[in-house]
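Here are a few exercises to work through with the viewer open. Try each task before you read its solution.

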Amino acid sequence: MYERRQTKQITVGKVPVGGGAPISVQSMTTTKTADVEGTLQQIYALAAAGCDIVRCTCNEKEAAEGLAQIVPRSPIPIIADIHHQYKMALAAMEAGVHGLRLNPGNIRKPEHIKAVASEARDRNIPIRIGVNGGSLDPALYEKHNGLTAAAMVESAMQEMAYFHEVDFGLMKISVKASNVPLMVEAYRMLADATDVPLHLGVTEAGPPPMGLVKATAGIGTLLLEGIGDTIRYSLTADPVEEAKAGRQLLEALGLRERKNVDLIACPSCGRAEIDVIDVANRAMKAFEDKKLPLQIAVMGCVVNGPGEAREADLGIAAGNKRGHLFVKGRNVAVVPESEMVEALVEWAEFINEHGTEAAIARADTARAEREAAKDRSQLLDEKGDDANNAGERIVEIRRTVGD
Ligand code: SF4
């Protein structure tokens, strides 16, 4: 759908990154890497939530030893995150990791960088050059008069030059900052300067919902420009939330095949016949673990709901204490209001197995449409076109403040 920037392809374990491969979702464990069972538990939860590649810190000998046990049991490739100690990168490779992340801001000695890149070259292990605005090399900070997009890009290019000196080319790059416009500018500059695959992220985005908003603004903007080969949401939250958010963003942009329910719901208004927020939340919960690649709508009233959500595979709209189910805009059944969520699940499972046409064919659509029309006209009679009683309110306002 979007013209993607042409990049080289590397592979992290079995996951291709760049070169037209599906954009992958990454996250990072929050456990101590030495805690093998705890870390694996988190990795399995991340994989189930749609994470393709996971990063674990490798900050001490015990972490590297933990990685040696985690790698063979992990369902997804493991990247070791390295700061300050280049020897931890060598230890992680010895442990069998599928990739490394180096921060050029805190491993600065050229001989250390080249020692890691030479070993990675011999072992065929890719490395991410992970520039981070908060830990930029002080020399570059000074040269550029502070943290700028150009300073971050120069840091990445310097590191890449060291890699090239030892004939190492299996890399991807990130230039993350917590400031969204700055991060977007840095990635745009980088995309002009190199065809190395890019890992997108807004660093230290914070807790949801603000963290989600910031990360989505930065990552989404770049993806819509065709920039980005792999993404990570850095949230102050359970990493499973990061994986879900990454996956949902890619599905929403049409960049990854839909695996889960896309629940759409009206924002509710004065016409709503039910507590839309409650029903939508209960529906989200009911579909959470079901891998149904369908768009499902929860609409507050039968007056406008079925029409507004006519593109959805399945939907339900409330009216007169009843739920009116519709498939691709066609009314198919009427259920009591208390059974709306259960009915959605039952019909969604049927559609997933047999398709929307079969669902319409099995329904008494004439009856369902008659019932919906009855409830719709009754609601229109009660509330008319003025669902918010604006006419009465205006009279009252004028009475209060005078004409
Ligand atoms: S008119 Fe009906 S469907 Fe539209 S927002 Fe209001 S309650 Fe929801």
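A residue counts as buried when its relative accessible area is under 20%. Keep in mind that you're looking at a predicted model.

**Exercise 1. Work out which residues of α1 are buried and what covers them.**

Step 1: Find the helix. α1 runs over residues 36-48. With 13 residues, α1 reaches 18 Å from its first C-alpha to its last, close to the 18 Å expected at 1.5 Å a residue.

Step 2: Apply the cut-off. Val36, Gly38, Thr39, Leu40, Gln42, Ile43 and Leu46 come out as buried. A handy rule for reading such a list: an α-helix has 3.6 residues a turn, so residues three or four places apart point the same way.

Step 3: Look for the cover. Strands β3 (24-28), β4 (53-57) and β5 (78-82) are part of what covers those buried residues, and so are the helices α2 (61-70) and α9.

Step 4: Check what follows the helix. Just after α1, Gly50 takes a positive phi of about 105°.

**Exercise 2. Describe the largest pocket: its volume, its lining and the elements that build it.**

Step 1: Start with the space. Rolling a probe the size of a water molecule over the atoms shows where empty space is left. For the largest pocket that gives about 890 Å³.

Step 2: Go to the centre. The lining has 31 residues, and Lys244, Gln248, Val261, Met284 and Glu288 are the closest to the centre of the pocket.

Step 3: Assign the lining to elements. Two or more residues each come from α1, α8 (210-224), α9 (239-252), β11 (262-265) and α10 (276-287). Helix α9 gives the largest share, 9 residues.

**Exercise 3. List the shell around the ligand and classify its residues.**

Step 1: Classify them. The shell divides into 4 nonpolar, 4 polar and 2 charged residues.

**Exercise 4. Is Arg376 buried, partly exposed or exposed, and what does this residue touch?**

Step 1: Arg376 belongs to helix α14, residues 365-383.

Step 2: Compare with the cut-offs. Its relative accessible area is 25%, so Arg376 is partly exposed.

Step 3: Skip neighbours within four places in sequence. The contacts of Arg376 are then Val302, Val303 and Pro306.

Step 4: Arg376 and Gly319 are 57 residues apart along the chain, yet 7.1 Å separates their C-alpha atoms.

**Exercise 5. Zoom out and summarise the whole protein.**

Step 1: Count elements: there are 15 helices and 15 strands.

Step 2: Get the dimensions: the C-alpha trace spans about 80 × 55 × 40 Å along its principal axes.

Step 3: Take the burial: of the 403 residues, 52% are buried.

Step 4: Tally contacts with a separation of 6 or more: 64% of them join residues 24 or more positions apart.

Key: Residues numbered from 1 in each chain as written. Predicted model: local features only at pLDDT ≥ 70, side-chain atom pairs only at ≥ 80, totals over all residues. Heavy atoms only, no water. 1 Å grid on protein atoms, 1.4 Å probe; cavity = no way out; pocket = protein on both sides within 12 Å on 5 of 7 lines; lining within 4 Å. Points joined across faces, edges and corners; volume = space filled by probe spheres on them. Helix = DSSP H or I, 4+ residues; strand = E, 2+ residues; numbered from the N terminus. Nonpolar A, V, L, I, M, F, W, Y, C, P; charged D, E, K, R; others polar. Expected span 1.5 Å × (residues − 1). Buried < 20%, exposed > 50% of the residue type's maximum accessible area, 1.4 Å probe, protein only. Contact = heavy atoms within 4.5 Å.
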